[in-house]
Amino acid sequence: MGYYSLLTTCAFIHLLVFMPYAYSNYLENKAGQFFSSGHTNNWAVLVSLNKLGFWFNYRHVANTLSVYRSVKRLGIPDSHIVLMLADDMACNYRNPKPATVFSHKNMELNVYGDDVEVDYRGYEVTVENFLRVLTGRLPPSTPRSKRLLSDDRSNILIYLTGHGGNGFLKFQDSEEISNMELADAFEQMWQKRRYNELLFIIDTCQGASMYERFYSPNLMALASSQVGEDSLSHQPDLAIGVHLMDKYTFYLLEFLEEVHPASQANMNDLFKVCPQSQCVSTPGHRTDLFQRNPGSVLITDFFGSVRKVEITKDTINLTSSVKPPIQRSGSSDMTIESLTYVDQLPVAEIIHQKPKQKDWHPPDGFILGLWTLILLVFFQTYGIKHLKHIF
Amino acid sequence: MAAHRCGLSLVCILIFSSLAHPSSCDTLEKANDNTATKRSISEVNTDGSVAGEDMNERQWQSTDVEVNRSDGTKTSETFTPAPAPAPARDQFQEELVIRPLHSGDIYASFQFRTLWDTDFLQERQKKVSHYRLFPKSLGQVLSKFSVRELHISFTQGFWRTMQWGQPFIPSPPGAELWVWFHHTVSDVDGNWKELTNVLSGIFCASLNFIDMTNTVQPSASFKPLGLGNATDHRFLRYATLPREIVCTENLTPWKKLLPCGSKAGLAVLMKSEKLFHSSFHSQAVHIRPICQDEQCTSKAWELRQTLNVVFDHYTSGQGKKEWSLFKMFSRTLTEACPLASSSKVYVDITDNPEGELFELSPATHLLSRAVVLGDRRTYSVYDLTRAETFGQLRSFNLLLRWKGDSGDMLRPLLHAERYVAGFGLQTGEIHTVIYNNHPYRAFPVLLMDSVPWYLQLYVHTLTVTSKSRDNKPSYIHYQPAKDRHRPHLLEMLIQLPPHSMTEVTVQFERALILKDLTSSALVPSMVAMSTNFTQDQPLFSSFVPVKEESSYFVRVYTEPLLVNLPTPDFSMPYNVICLTCTVVAVGYGSFYNLLTRTFQVDEPSPPLAKRLANFIRRIRGVPLLA
């Protein structure tokens with residue numbers, strides 16, 4: 001009896017001692033998992049490749065906007081999303097409900113919403129701009145919202161939808177991008193350390209051909225159809241008159257609607273989206289360049305945004321508030337003269353306006369050439385010995 | 001409190017009358033409240049409107065109803081005489097003006113004004129780094145590019161002057177941007193290019209397509225709307241993009257510039273699904289320096305964000321002739337923006353003095369009179385800073401029910417049209433027609449035309465005719481285009497005779513460019529006319545400052561022109577191949593044959609008898625017959 005009680009007390013003491021240790025171990029594991037993905041920020045580049053001016057390419061814009069919506073919902077802010085829509089469907093004159101883009105028939109879900117920021121639109125969506133955004137080689141005056149300011153700890157999601165063929169994608173009906181160019185662009189990104197991991201999703205006909213040539217590490221790719229297959233569109237809406245979405249993206253959207261910022265769904269679930277029975281085409285994926293096991297990659301690693309929270313227990317002293325600059329009265333003696341408004345149409349002034357003094361420009365090429373000709377002829381006729389009389 | 005206010009208001013009346021121009025008064029009435037204050041619109045004097053009102057307004061309570069400005073904006077600040085040592089250095093006012101149109105439609109105009117007493121461009125002051133109500137993104141743009149004035153507008157649809165009258169603030173279809181730079185800028189073109197790129201990022205628009213091929217430097221049509229001493233037109237740049245689409249992505253950043261965002265105040269009404277389902281939608285941002293006070297010794301920066309929208313659900317057959325805030329915007333108002341010093345809704349009831357045309361509910365006793373573009377108009381005022389405006393339900397929904405049929409609208413005094421005449425794809429003629437509908441007054445009008453370089457104008461064919469007689473303009477400024485470098489710019493000052501139609505024609509030739517397969521070009525709207533108009537009563541617009549009290553300034557835009565450019569014939573290669581091959585085959589082939597063919601004499605075969613005879617002779621070994 002005494003032995004048993006001693007044993008139980010020993011066990012109890014051991015439990016008491018080791019439980020916090022076990023708990024902290026558990027916390028450490030959790031923390032370790034938190035940092036194991038290796039990325040600190042998330043970016044998304046969403047491109048819709050439809051040709052400008054074709055109303056039946058509504059579904060491409062709806063595809064891109066539904067991914068945009070999911071990505072925003074899961075936490076990536078607008079400043080980290082580069083959205084490129086090659087056509088304006090929402091405010092198109094053919095849209096019976098302006099400022100809306102629907103993904104489900106009977107107008108159930110408006111993916112355009114009220115808070116959308118499109119970075120590249122219309123004629124700005126070109127192969128050149130797309131590659132410049134990816135590689136970061138933009139002219140210096142490009143605003144921040146149009147840049148992909150990723151670093152080597154960024155996870156980037158790239159989504160393309162539109163019309164494509166075996167090994168190429170169509171941009172604006174007059175340009176194309178080939179799979180080799182895309183692979184080279186990703187290699188440039190890798191060399192410049194512009195991504196940590198990259199997920200590439202493509203929803204076009206023969207989409208799998210686009211990721212065949214990738215050779216940079218840490219790339220994972222998904223496509224809606226294999227080489228030789230067409231990606232099909234989903235359902236038409238009779239009021240709007242066009243097909244609203246493509247099948248693959250429709251089921252992708254339905255899958256993503258179930259995902260919330262804390263969900264543990266991983267890439268293997270994403271690969272199962274839209275099997276052939278639903279999609280008619282066979283979705284494909286490529287993970288050989290990816291270093292981690294897809295089963296351990298969370299959906300939110302690419303579609304959501306990482307928010308690192310540091311809990312501090314010490315108080316932090318805020319600096320004192322900024323003193324406003326000297327009041328107006330102090331400097332009023334400097335500006336004594338009274339300022340006035342200008343007359344909007346000073347008729348008398350305009351009539352008597354002196355002609356604008358044109359800035360002197362150096363003579364044009366034609367004038368220069370003419371004078372050179374005259375001089376040449378002159379020296380030809382009179383000989384070079386007269387030169388000394390001139391100079 | 002009321003007595004205190006009464007006393008102050010009486011004091012104000014005295015001060016106002018001394019400042020005000022005696023010839024006209026703009027009255028402010030409150031039917032129930034006998035503290036009526038008289039104010040004059042024409043107190044604009046040369047110092048600008050804001051100056052006079054600022055000083056006087058400081059003595060009023062914030063709940064006083066203020067006069068409505070001619071373009072419907074609140075320019076006066078109202079803030080309670082605060083116990084704080086320094087008055088508020090920035091303030092925000094918002095208002096909504098609703099004007100029922102004769103056709104049964106509604107014109108709603110939002111104006112949000114932020115005033116800030118600081119100077120971005122002064123060097124001796126510390127660099128501005130603390131932004132409260134003024135948006136930081138715009139403030140940084142202003143100081144980085146040394147911008148003195150910035151005006152940008154995005155418009156969808158065309159303003160129908162004949163049906164709707166004159167707008168408060170006009171704008172052409174597409175995007176329009178004009179900027180006055182500070183005189184310290186050395187490279188205006190470089191600053192302009194960078195500014196357009198930065199603005200394209202802020203407003204999510206493709207303003208980066210603005211470059212030297214569509215930028216002009218008007219010499220007389222644009223004057224600074226804010227303070228300014230010297231107006232050197234070298235620092236002005238103007239560009240339009242007529243094809244620019246306006247959609248929610250332009251409205252979203254625009255709303256984010258407001259201090260309350262779209263969460264409180266009048267901006268909650270801005271739901272894109274309703275705003276873009278209209279026949280005219282225009283949003284603009286205007287930044288300019290204005291007088292801080294009456295003495296006008298220092299500047300304050302004014303940021304005006306305006307949104308004009310015309311709902312035409314009745315004329316397009318989609319609805320009944322009955323309007324409410326909820327029906328128009330799918331929202332009702334629940335509170336004013338807490339950061340706003342004044343928040344008001346004005347409804348134009350000039351055409352409805354006895355209530356026979358339409359009925360307004362909830363009823364209000366507050367009225368305001370203002371002179372707008374030469375017209376005396378009366379407005380019903382709803383003050384959202386007062387709790388009783390919202391009633392029991394804590395929500396304000398304005399209802400307008402039409403009772404009678406309104407008569408025809410008065411024709412607008414000034415109206416312009418533009419069209420392309422001619423046939424074929426090579427030449428054409430641009431006709432601009434300006435109508436002056438005033439029965440006996442003539443006015444000067446400044447016409448500005450900016451035509452892209454691919455329409456080659458023949459300026460020697462320019463004719464201006466009024467009443468079928470030649471009308472010589474008193475000032476012409478023409479800058480010809482340079483291919484792929486800059487567009488044409490034509491500015492003319494024309495005197496329009498009364499009650500006449502003036503036509504300006506110029507011929508042009510289309511250049512062949514391989515732009516894209518659908519080659520048509522949008523020639524941007526002609527920023528036409530400004531008019532000076534003299535009348536008995538002074539007219540004033542708070543947005544546009546005028547020196548003389550008896551004039552007002554109007555800017556009219558015409559529609560953009562759609563011009564078809566000739567496309568190359570894409571069947572040409574096929575035709576060329578066929579023709580060339582035929583020519584080669586027929587011509588060269590026959591020649592080759594002639595030269596290389598050899599001829600052999602061919603004996604006809606002898607008749608049967610002869611052949612038999614030859615055969616026998618061969619056997620005998622005797623020479624054959626011929």
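Predicted model: local features only at pLDDT ≥ 70, side-chain atom pairs only at ≥ 80, totals over all residues.
Let's start with chain A. There are 391 residues in this chain, and 47% of them are buried. Its secondary structure comes to 12 helices and 10 strands. If you take the contacts in chain A with a separation of 6 or more, 73% of them join residues 24 or more positions apart.

Chain B has 626 residues, 56% of which count as buried. Here you'll find 10 helices and 26 strands. For the contacts of chain B with a separation of 6 or more, residues 24 or more positions apart account for 73%.

H3(A) covers residues 127–135, and its buried residues are Val127(A), Phe130(A), Val133(A), Leu134(A) and Thr135(A).

H3(A) packs with helix H4 of chain A (residues 179–191), the axes being 9 Å apart and the angle about 25°. An angle under 35 degrees counts as roughly parallel, so that is how H3(A) and H4(A) run relative to each other. On the H3(A) side, the residues in contact are Val127(A), Phe130(A), Leu131(A), Leu134(A) and Thr135(A). They meet Glu181(A), Leu182(A), Ala185(A), Phe186(A), Gln188(A) and Met189(A) of H4(A). Sorted by class, this contact has eight nonpolar, two polar and one charged residues.

## A helix pair in chain B

Chain B has a helix pair of its own to look at: H3(B), residues 136–144, and H5(B), residues 188–202. Their axes come within 11 Å and cross at roughly 175°. That crossing angle makes H3(B) roughly antiparallel to H5(B), since the cut-off for that label is over 145 degrees.

Who touches whom? Ser137(B), Leu138(B), Val141(B) and Lys144(B) come from H3(B), while Glu194(B), Leu195(B), Val198(B) and Ile202(B) come from H5(B). By class, that gives five nonpolar, one polar and two charged residues in the contact.

## An enclosed helix: H6 of chain B

H6(B) spans residues 248–256, and eight of its nine residues are buried, so the helix is largely enclosed by the rest of the structure. The buried ones are Thr248(B), Glu249(B), Asn250(B), Leu251(B), Thr252(B), Pro253(B), Trp254(B) and Lys255(B).

What do these buried residues pack against? From chain A there is strand S3 (120–121). From chain B there are S4, H5, helix H7 (272–275), strand S9 (280–291) and strand S10 (299–311).

## Aromatic rings

Over all chains, the model has 32 aromatic pairs. One of them is Phe110(B) with Phe112(B): the ring centres are 6.3 Å apart and the planes sit at 10°, so the pair is stacked. Phe110(B) is buried at 0% relative accessible area, and Phe112(B) is buried at 1%.

Both rings belong to a cluster linked by ring pairs, which takes in Phe92(B), Phe110(B), Phe112(B), Trp254(B), Phe311(B), Trp323(B) and Phe329(B). Trp254(B) is also among the buried residues of H6(B).

## Two residues close up

Asn41(A) lies in strand S1 of chain A, which runs over residues 41–48. With a relative accessible area of 15%, Asn41(A) is buried, because the label applies under 20%. Its side chain makes a polar contact of 3.2 Å with the side chain of Trp43(A). Leaving out residues up to four places away in sequence, Asn41(A) touches His80(A), Asp151(A), Arg153(A), Ser154(A) and Asn155(A).

Over in chain B, Ser103(B) lies in the loop between strand S3 (90–100) and strand S4 (106–116). Is Ser103(B) buried or partly exposed? At 25% relative accessibility, Ser103(B) counts as partly exposed. Apart from neighbours within four places in sequence, Ser103(B) is in contact with Trp164(B), Tyr314(B) and Thr315(B).

How values were computed. Residues numbered from 1 in each chain as written. Chains lettered and ligands numbered in written order. Heavy atoms only, no water. Axes fitted to C-alpha atoms, helices over the stretch in contact; angles between N-to-C directions. Helix = DSSP H or I, 4+ residues; strand = E, 2+ residues; numbered from the N terminus. Parallel < 35°, antiparallel > 145°, perpendicular 65-115°, else oblique. Contact = heavy atoms within 4.5 Å. Nonpolar A, V, L, I, M, F, W, Y, C, P; charged D, E, K, R; others polar. Buried < 20%, exposed > 50% of the residue type's maximum accessible area, 1.4 Å probe, protein only. Polar contact = N/O pair within 3.5 Å; in protein donor to acceptor, adjacent residues only side chain to side chain. Phe/Tyr/Trp six-rings, centres within 6.5 Å; stacked < 30°, edge-to-face > 60°.
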